[in-house]
Amino acid sequence: MNRYSTKLRALGVACTMAALVFGTTNVQAEDTIKVGVLHSLSGTMAISETTLKDTMLMLIDEQNKKGGLLGKKLEAVVVDPASNWPLFAEKARELLTKDKVSAIFGCWTSVSRKSVLPVIEELNGLLFYPVQYEGEESSKNVFYTGAAPNQQAIPAVDYLMNDLKVKRWVLAGTDYVYPRTTNKILEAYLKSKGVDKKDIMINYTPFGHSDWQSIVADVKKFGSAGKKTAVVSTINGDANIPFYKELGNQGVSAESIPVIAFSVGEEELSGMDTKPLVGHLAAWNYFMSIDSTKNSAFIDKWHEYTKNPKRVTNDPMEATYIGFNMWVKAVEKAGTTDPKAVQDAIIGVDFPNLTGGTSKMLPNHHISKPVFIGEIQDDGQFMTVWQTNKLVDGDAWSDFLPESKPIIADWTSPISCGNYNTKTKKCSGQVFK
Amino acid sequence: MKANSIKCCLRLPAILMMVFSIAIHGDQEIPSASKLQDALSFLQQGSMADREQAVNQLADLGASSLPILQALLDGKLFTLKSDTSLVIGIDNNHGYAISDALTGSEKGVIERSAVTKINLTNNLRVALRKIIGQLQLSADDPAVRLSAVKAMANEEDDNTQSLLKARAVIEKDEDVQQAINVVLLLKDMNSSDKLIRIKAIDLLKEQNNRDVANRLNAMLEKDEAGNFIEADAEIRSVAKAALIKINNRLQIYSSIETVFFGLSLGAVLVLAAIGLAITFGVMGVINMAHGELMMLGAYTTYVIQQLMPNHLGISIILSIPAAFMISALVGIIIERGIIRFLYGRPLETLLATFGVSLILQQSVRSIFSPLNRSVATPEWMSGSLQLNDFLSLTWNRFYILVFCLLVFLLLLQILKRTRLGLEVRAVAQNRTMAKAMGIPTAKVDAMTFGLGSGIAGVAGVALSQITNVGPNLGQAYIVDSFMVVVFGGVGNLWGTLVAGFVLGIANKFLEPFSGAVLAKILVLIFIILFIQKRPRGLFPQKGRAADS
C-alpha cells in the first residue's frame, strides 16, 4: 500500500523534470534515516555555525562508511536559518513535518534554541544542542551536550580565586540572555564565597561592540585598587577582537589583569591577530591541543574531510561529536529512530569524549564533561594550565540562584520532569518561567 | 644501521666523560657550562614545574644566561625537532634563522615546522621579567634600565632592594634614578619607622604613579576583622590626604583621556560617514551598500597583507590607494548598473542598494569564508604613547584620528579646487542648469559616486586596524554613518566632521555613567529630538537649491 502510493506520487509528478528530481528523493527517503542540520550558513552567526554543519556532514559521512544505522544510510538535510531567530523555528518545523527527520542537530545562540523549543516540544522531535549555555532549562526533547554553567563558569572562577588569588572581579558580557544569566549565577556564587559587592563590576555591551576604549580604561582603574583583579568575559564572538586589541594597546597584560573567556575558542582565535591575547585564559571542555589518541585521530579526519590541514577544531565540535554518537548508540539500543523510544534509551548512554574520558548522558539531558583552563599561545592554541581531576556532571538548574535551587530535572520515571521542585514536590510544567 | 652505530659511538664517550667529570669534581662546584646544559634540559621537559626550576637555575648563572632568558620571554626559544637541541630562532622571510642556544653558533635557516616552541605560562612570564630586570639593571641603554626597574617595582624581597639601592648610587640617567627612587620609597612605606613612612608618603604624593595609588588605597582598607590595615591613625590621615591629591590629578587626566576617546570614536564615525556625506549628502542617493564598500576596503587590506606578510607597515600604506581604487570601481559599477536608473526614486534606491549589500556580503562569504580574517597591526601602531602612568594615548587610535583629518582635508580640497569638485557642486546645486552649461551630468554622477565609495574603502583600511575584518563589518557602521550625516546636515562636509566628533565625545562622556548600551540609546534619542527641532541638521544648506 505504502509503496503503491509512493509510486503513484512519483508518477504524478513525473511530468516535469524538476518535480521528477523531488519524486526520486521521496522514493529514496524510504530507506534512509534523515538527520536535520539546523545551523546558520549566512548572517552574523555563520562565523561560528558553518563549522558545525561541516562537522555534522563529516560525522554522517563516516557513519555511512561504517554501514549506516540500523542497516540504513543516514541522509543529512541541511537548512539555513540565516541567523534569524524566528526562522530557526520555521526551519525546525519544516524539518520535522516536511522532511520527517529523526533528529535535529543545531542552534548556537540561546535565543535560537529558545525559539526552536516550542516547535520541537509540540511535534515531539529531538534536538541536540552543542554549545555552552546559561542553564536554567531542561526540555524532554532537547539534549544539551555543551557545558552548563557548573561545567565552565564556576570552575573557571574557582581557578582564578584559588590559584591566581583574584580578589576583584569584572564580569563583562554582551547584552543578551547567556551573559546575563551566567553573570547572575556568578555574582551569587562570588557573594556566597565572601566577595564584597564593591569588588564586583558588571558591564554589558551591545552585540558587535567595537569601541572598547572607555570600558578598558575603567577595567584598568578598577584593577588598580591594590588587589589582584581578573575579568570574566562572556563577550560574544565578534566583539572580542577589538576588546583584546584595546587591552593590548592600553597595556593591560595577562600578567596584571587576566581575562578568562567562555566564548573564545580555537576557531575565533584563527581570525585574530593573537599578539595581544597571549597569556589570557579560556575555560572549555575540550582544547585542540589536548594530547590523546582519540583527539589526534579526530583532528586528522577533520583535516582530511575539509582538505585543509590548517582547519582548527573546537569545543562545540567535540560536543557535536559526542551528541551525534550518543544518538547513534541510543538508536541502536532502542532499535528504532522513534523519538519517544530514543528519549528513553539515551539516558545512561556513554561515549568516550576526545580528551580521554567517557561522557555519559544524565537523566537531566545534560552530559558529564571534564573542565579545562588554558592560556592562549601565539599560535592560536591553548596550553592547559588546570583541569578537573574527574568529569563534572552538568547541572541544569543552578544551585547558586535562590529561585532555581530547589529545582531539579530528571526525565526518568517516576519524576519525568524538566523542572521538578523538590520542596513542593511538584512539576511546574515543561518550560520553567 | 650505520648511522645508528656512529651515534652510539659518539654517545659513549660523552657518557664516559660525564661519569668522569662527576668522579673528578665530586662535591666540588660543577662548572657553569654544564650547569647551563643541565638547566636547559629541564627547560625542555614538559611540565611547568620543570621549566620554573630551569628558569631559577638560569637566573643563578647570572648575565651569561640573559640571551636565553630574553629569547624565552620573547617566544624565540625552540626545540629543534631533528636532534632535540635548543635553538634561538629569529623570524625572517623564509622561516627561522636559528642559532644554538648554548654556544650561539649560527645554524642557518630552517622551516617553521621544524621546531617546537618552548611555551610559557603567566606565572613564568612574571618570574622571567623579574629575573631579566635584575640582570639588566646595569645595561648600557637607559631605556632598558628603566624597563628593568619597572619590572621590579612590585618586588619587595631584600635582594631586589639591595640591587636597586646599589644602582641608585651610580645611576646617571635622571628618569631611571627617579624610577628607582619611587620603588625604594614604596618599600619605605612598609618600614617599621613611622617617620620614614610619613616621609615616603609625602614624597610619593607628587608622583603620577598607579602603584602609589594602589598602595595608599590598600592602607586605608580594613581587614576581615574590621581593623584598618594601617594601624596608625596619623599615618592614615596623611595617606588619605595624599590619596585625595593623587585622585584629583587622576580626575583631570581621566577627563583628558575621555576627550581623546571621544575624538577617536568621532574620527571613526567621521571616516565611515564622510563617503556617505558625498553620495547621500551631495547626490541624494540613499546607499545602503555603503558599509559593504568599507568592508571591501578592509578585505583589500587583508589581501595585500597576505601578499607581503613581512612588510606590515608598507602593506598598510599601500592598502590605502588600493582600497580606494577597488571600492571606487565597485561603486561606479553599482551606480552605472543600478542606481542611475533609479534617480529621484529614493525608496527603490534604498531597496536596490540594500539588495546589493546582501550580495556583496554573501560573495565575500563565499570567497573568503564566513570566518573573520586576521589583519595584523604593524609595530608602530600597537601599544600606546605613555605620557605618564595616569595618561596614555593608544597609537592606533591616534593614527586614525590624524588619518581622518587628512582624508577630510583632502576631500575638501578636491571639492573646492578641482574641476571634478566644481562639476560635482554644480550638479548638486542644480542638475538641469548644469546640464545646460554643458556638464556631462551622467559622467559626473558616476565619478561622484566613485569618489564617495572610494573614501568608504579608505575608511575600511582604518577599520581593519581596530575591529574585525569579516562579512558583517559594514552592517555595524551603516546606521552610525547615516546618523552622523543627518545630524551634521545633509550636503555639508564640515557638518559631518563636527557631528562625528560631537557624537563621539558625547557617547564617551555618557558611557561611564550609563553603560555602553544605554549611552547609544541616549545618543539616538538626542538625535531624534534634535531633528524634530532642526530637520536639516546642524549646518543646513542655504539657498534656493536647498529649498526645492
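In the predicted model, the largest nonpolar core holds 125 residues, of which V232(A) and I260(A) touch the most other members. Such a core is a set of buried Ala, Val, Leu, Ile, Met, Phe, Trp, Tyr and Cys residues joined through C-beta atoms within 7 Å, a residue being buried if 20 or more other C-beta atoms, placed from the backbone, lie within 10 Å of its own. Helix α12 (residues 315-334) of chain A contributes the most to this core, with ten residues; helices are DSSP runs of H or I with at least four residues, and strands are runs of E with at least two, numbered from the N terminus. Apart from this core lies another, of 78 residues, including M288(B) and A352(B).

Of the 20 residues of α12(A), 15 are buried. The helix reaches 28 Å from its first C-alpha to its last, close to the 28 Å expected at 1.5 Å times one less than its number of residues. Just after α12(A), G335(A) adopts a positive phi of about 75°.

Helix α20 (residues 493-533) of chain B has 41 residues, yet its end C-alpha atoms are only 21 Å apart, short of the 60 Å that a straight helix would reach. A bend of about 125° occurs at S514(B), taken as the angle between axes fitted to the seven residues ending there and the seven starting there.

Between the chains, 43 residues of chain A are in contact with 47 residues of chain B, contact requiring C-beta atoms, placed from the backbone, within 7 Å. Elements giving two or more residues to the chain A side include α3 (46-65) and β15 (382-387).

Residues are numbered from 1 along each chain as its sequence is written, and chains are lettered from A in the order in which they are written. Local features need pLDDT of at least 70 and side-chain atom pairs count only at pLDDT 80 or more, whereas totals for chains, interfaces and linings use all residues.

Note on methods: Contact = placed C-beta atoms within 7 Å. Buried ≥ 20, exposed ≤ 12 C-beta atoms within 10 Å, placed from the backbone.
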